[in-house]
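Subject: Structure for you to look at

Hello,

Here is the structure I promised to pass on. Please open it and keep it in view while you read.

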Amino acid sequence: MIDDPSVASKEAVEAVLADMARAGDGDRGVIVDSPPGAGKTTLVVRAARALVESGEPAMIIAQTNHQIDDLLERLAAELPEIRLGRLSAETYTPPGPVEALANVAIDTRIDGLADCPLLLGTAAKWARVRDHHRRWTIVDEAYQMRSDALLLVAHLFDRGLFVGDPGQLDPFTVVETTRWTGLSYDPRLNAIDVLLAHNASLPTHRLPVSWRLPASAAPLVSQAFYPFTGFQAGTTEGTRRLEFTTSGLRSPLDETLETARTAGWALHELPARHTLRTDPQAAEAAANLAARLLARGTVAYCERHPDGRAIGPRDIAIGVAHRDQADQIRRALAAAGAPEVTVDTANRLQGREFEVVIVVHPLSGRRDATAFHLEAGRLCVLTSRHRQACIVVARAGITDLLDAHPSTDPLHLNVPVKFPDGWEAHQTVLSHLAPHRVPAAV
């Protein structure tokens with residue numbers, strides 16, 4: 001148990017920066033594991049500042065344009081005196097906030113950004129650069145980066161700071177990869193796993209505190225998805241809470257919201273039934289919960305807003321496993337009068353943060369438990385986006401499905417057992433949700 005989370009976080013960051021400063025010619029870099037909301041972006045900004053102030057121009061690699069744009073906004077605010085270069089594709093259109101940044105230059109060619117000590121771009125864009133080299137790079141969301149993508153940019157730098165969340169979704173590919181199974185350079189693996197396979201002595205750090213997850217959520221997420229590198233919440237019980245300004249009705253929706261308000265978790269359980277992937281009743285329940293949350297005039301109290309702040313549509317997200325489920329819920333939200341609520345898949349919600357998150361359980365209504373729906377990273381993303389409360393919408397019977405699920409995954413030589421195990425992670429989450437279950441008759 002950490003006595004002072006702020007001190008522990010500061011010490012962890014200082015240890016990372018110290019290792020970067022000590023790195024010699026033969027060192028390949030530093031790895032940092034970050035649980036959800038642990039200040040990963042803050043670390044990237046601190047490291048970028050330290051490199052530039054030491055006279056070391058650097059490059060920053062992220063995996064998506066959205067991640068690069070977020071970093072640009074943060075870096076421009078924190079380092080207003082430093083000129084930032086944004087390497088982009090010809091089809092890239094900067095969002096309004098990025099376009100308005102005075103110290104940011106955007107160009108499709110590396111030559112047009114020669115005067116920028118910090119250069120940012122996606123891994124896909126950097127892979128097209130040939131005649132450029134810097135001693136240091138910072139790789140953000142490195143666990144989302146496939147190892148073959150790292151290989152394509154490795155010639156551009158000598159050493160790197162690799163920062164990412166090991167509990168999130170692994171990178172994926174639509175290409176058949178069985179021919180590489182068991183090899184240390186398997187392109188299906190994430191960049192950090194392959195990096196460590198060839199550089200086992202690289203210093204590895206861990207950020208010990210989540211500043212996003214409330215005290216009600218951090219213990220469960222830590223136990224279910226980070227069993228060997230646990231963390232704790234940066235806030236204590238009672239620091240964050242939800243209050244309703246409008247009285248509720250005696251309905252399952254209001255009972256679920258009240259449970260989430262008091263416990264931080266709620267399981268809105270529909271009757272057991274095998275359904276299509278686009279279960280209309282689950283979609284309607286998720287949309288109605290979001291709309292009801294807004295209709296109740298929900299106010300969030302926290303360390304940022306001790307006097308309270310009204311919850312709006314952009315403070316709520318609904319997470320699902322498939323895009324067609326997201327489309328279905330968007331239509332239900334429009335019908336419920338809450339079209340501005342964010343709805344998306346776990347892959348696209350990864351890295352984002354909301355006050356309240358409603359999750360349609362990946363195994364709800366299914367006859368089978370496929371590897372896709374059992375993946376621990378998917379459930380981890382869905383249940384770790386919130387600052388106040390998380391509501392899970394699911395059909396009854398998931399525990400029975402898991403108990404009956406046979407293990408049919410093939411075993412391969414030289415392939416380490418993956419932790420956390422998806423089956424066990426789902427059972428841990430469902431066991432925690434059981435006391436907060438609200439039956440929803442349909």
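Below are my notes on a helix pair, the cysteines and one backbone angle.

Please remember that this is a predicted model.

Start with two helices. Helix H9 covers residues 252-263, and helix H10 covers residues 280-295. They pack at an angle of about 65 degrees. Their axes are 10 Å apart. Angles of 65 to 115 degrees count as roughly perpendicular, so H9 and H10 are roughly perpendicular to each other. Their crossing is right-handed.

Which residues meet there? H9 brings Leu-253, Asp-254, Thr-256 and Leu-257. H10 brings Ala-285, Asn-288, Leu-289, Arg-292 and Leu-293. Of the residues in this contact, five are nonpolar, two polar and two charged.

Next, the cysteines. A disulfide is a covalent bond between the sulfur atoms of two cysteines. How many disulfides does the count come to? Take Cys-302. The closest cysteine sulfur to its own belongs to Cys-390, 18 Å away. Is Cys-302 buried or exposed? Cys-302 is buried, with a relative accessible area of 5%. Cys-116 is buried too, at 1%.

Last, look at Glu-141. Most residues other than glycine have a negative phi. Glu-141 is not a glycine, yet its phi is positive, at about 50 degrees. Where is Glu-141? It lies in the loop between strand E6 (134-140) and helix H6 (147-153). Its relative accessibility is 9%, so Glu-141 counts as buried; the cut-off is under 20%.

Best wishes

Key
Residues are numbered from 1 along each chain as its sequence is written. This is a predicted model: local features need pLDDT of at least 70, side-chain atom pairs count only at pLDDT 80 or more; totals for chains, interfaces and linings use all residues. Side-chain values use heavy atoms; hydrogens and water are left out. Axes are lines fitted to C-alpha atoms, for helices over the stretch in contact, and angles run from 0 to 180 degrees between N-to-C directions. Helices (H or I, at least four residues) and strands (E, at least two) are DSSP runs, numbered from the N terminus. Angles under 35 degrees count as roughly parallel, over 145 as roughly antiparallel, 65 to 115 as roughly perpendicular and the rest as oblique. A crossing is left-handed if the near helix is turned anticlockwise from the far one by less than a right angle, and right-handed if clockwise. Contact means heavy atoms within 4.5 Å. Ala, Val, Leu, Ile, Met, Phe, Trp, Tyr, Cys and Pro count as nonpolar, Asp, Glu, Lys and Arg as charged, and the others, Gly among them, as polar. Buried means under 20% relative accessible area, exposed over 50%, partly exposed in between (1.4 Å probe, protein chains only). A disulfide is a pair of cysteine sulfur atoms within 2.5 Å.
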